[in-house]
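Colleague: I would like a close look at a single part of this model. Please take one residue, then the element around it, then the whole chain.

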Amino acid sequence: MSATRTIPQKVGDWQMAFNAIREELTPPTLRKILSEMEGVEGVQQFRSYVDLARTVMANDRAAGTIAALITQTGIKPVGVDYGDDE
């Protein structure tokens, strides 16, 4: 990346990388399960909710850090085709 890139362009690169990495670390189905657990009652269910929430938050922090490192080094994020589509 050149030094002439604007801050919004740099943030856009980070956002694109973050979204891609975040989805790989925490699939949408797991986020859906977390949102459905918000109103849980009972000690064991609450502990499960907290554990899942901590995992999702840790994955999001990791995705943010990785995205920052990737975009800082000048690697431009692109779509990845794993070839598993049928």
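Modeller: The residue I would pick is Asn 59, which sits in helix α3. Bear in mind that the model is predicted. Asn 59 has a relative accessibility of 18%, so it counts as buried, the cut-off being under 20%. Apart from its neighbours within four places in sequence, Asn 59 touches Leu 25 and Thr 26.

Now the helix itself. α3 covers residues 43-72 and has the highest mean pLDDT among the elements, 93, while α1 (residues 7-25) has the lowest, 91. With 30 residues, α3 spans 43 Å from its first C-alpha to its last, close to the 44 Å expected at 1.5 Å a residue. Asn 59 is one of the buried residues of α3, a list that also includes Leu 52, Ala 53, Val 56, Asp 60, Ala 63 and Gly 64. The buried residues of this helix pack against α1 and α2, the latter being residues 28-36. Just after α3, Gly 74 adopts a positive phi of about 90 degrees.

As for the whole chain, the protein contains 3 helices and 0 strands, in the order α-α-α from the N terminus. Of its 86 residues, 21% are buried. Among contacts with a separation of 6 or more, 67% join residues 24 or more positions apart. The accessible surface is about 6500 Å², and carbon and sulfur atoms account for 58% of that area. On confidence, the protein averages a pLDDT of 86, and 83% of the residues score at least 70. Where pLDDT is low, the predicted coordinates should not be read in detail.

Terms used: Residues numbered from 1 in each chain as written. Predicted model: local features only at pLDDT ≥ 70, side-chain atom pairs only at ≥ 80, totals over all residues. Heavy atoms only, no water. pLDDT = per-residue confidence, 0-100. Helix = DSSP H or I, 4+ residues; strand = E, 2+ residues; numbered from the N terminus. Buried < 20%, exposed > 50% of the residue type's maximum accessible area, 1.4 Å probe, protein only. Contact = heavy atoms within 4.5 Å. Expected span 1.5 Å × (residues − 1). Areas by Shrake-Rupley, 256 points an atom, 1.4 Å probe, with all protein chains shown as cover.
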